[in-house]
Amino acid sequence: MSCSGFFTAQEGNPVCLLSGYECGGTSGGNYMCLWYDNREEKLLLGESGYAGGFGGIASYGSIYDYADGTAAARVSLEWIEQGSGNYSEEELLENAELYYDGHGQPYTEESILDAESIEEYSVDGELTTVERYLEVKERYRQMGLPD
């Protein structure tokens, strides 16, 4: 396991703004990184991570504004792929058009109950379309990793 973080100094003392950890295997973890805002053309503090296992996999990232010695959340992104058995029938039917198959095609109310695997996308904790997710992901690019 390894730890990472962003720190600032207040009155000559170090203060942790953000911290994370990485570990091997499917646990993944999260680590601190920089994101680039393509619209504002500036670097931002952030974190990125992944988790996985027999139930599915997920990747996520959060981007923060830094001002006056504090880091405030700007936007978060999350992608999850897991078996449909992790959802209730009600959830599946209610959000069918926001759940996708492995080819990026949205399910319908007619096809969702036959789904084996579900991909879902979230921006700021809200389930969203893949197009909206990719739009936000295009604006913010994680530094040091391939697109």
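This is a predicted model: local features need pLDDT of at least 70, side-chain atom pairs count only at pLDDT 80 or more; totals for chains, interfaces and linings use all residues.
**Helix 2**

Residues are numbered from 1 along each chain as its sequence is written, and side-chain values use heavy atoms, with hydrogens and water left out.

**Salt bridges**

I searched the whole structure for salt bridges and found seven, each being a side-chain nitrogen of Lys or Arg within 4 Å of a carboxyl oxygen of Asp or Glu. The side chains of R139 and D37 form one of them, at 2.8 Å from N to O. Because R139 lies in helix 2 (residues 130-139) and D37 in strand 3, this pair ties together parts that are 102 residues apart in sequence. Both R139 and D37 are buried; I read a relative accessible area of 0% for D37 and 18% for R139.

R139 also meets E40 in a salt bridge, at 3.2 Å from N to O. E40 lies in the loop between strand 3 and strand 4 (42-53), so the pair with R139 in helix 2 ties together parts 99 residues apart in sequence. E40 itself, at 41% relative accessibility, counts as partly exposed.

I next followed D37 to R74, whose side chains meet at 2.6 Å, N to O, in a salt bridge. R74 is in strand 6 (residues 70-83) and D37 in strand 3 (residues 29-37), 37 residues apart. I record that D37, E40, K42, D65, R74 and R139 are linked in a network of salt bridges.

**Nonpolar cores**

I took a nonpolar core as a set of buried Ala, Val, Leu, Ile, Met, Phe, Trp, Tyr and Cys residues joined through side-chain atoms within 4.5 Å. The largest has 14 residues, of which I63, V75, Y121, V136 and Y140 touch the most other members. Strand 3, strand 6, strand 7 and helix 2 are the elements that give two or more residues to this core. Leaving aside neighbours within four places in sequence, I listed the contacts of V75, and among them are I63, V123, V136 and Y140.

A second, separate core has eight residues, including Y87, L92, I112 and A115. I112 lies in the loop between helix 1 and strand 7 and is buried, with a relative accessible area of 0%. Not counting residues up to four places away in sequence, I112 touches L92, L93, A96, Y99, Y107 and I118.

**D101**

I finished with D101, in the loop between helix 1 (89-94) and strand 7 (117-123). D101 is buried yet has no salt bridge, and the nearest side chain of opposite charge, K137, is 18 Å away; Lys and Arg count as positive and Asp and Glu as negative, with His and the chain ends not counted. I did find a polar atom of the D101 side chain 2.8 Å from the backbone nitrogen of H103.

Terms used
Helices (H or I, at least four residues) and strands (E, at least two) are DSSP runs, numbered from the N terminus. Buried means under 20% relative accessible area, exposed over 50%, partly exposed in between (1.4 Å probe, protein chains only). A polar contact is a pair of N or O atoms within 3.5 Å; within protein, one must be able to donate a hydrogen and the other to accept it, and residues adjacent in sequence count only if both atoms are side-chain atoms. Contact means heavy atoms within 4.5 Å.
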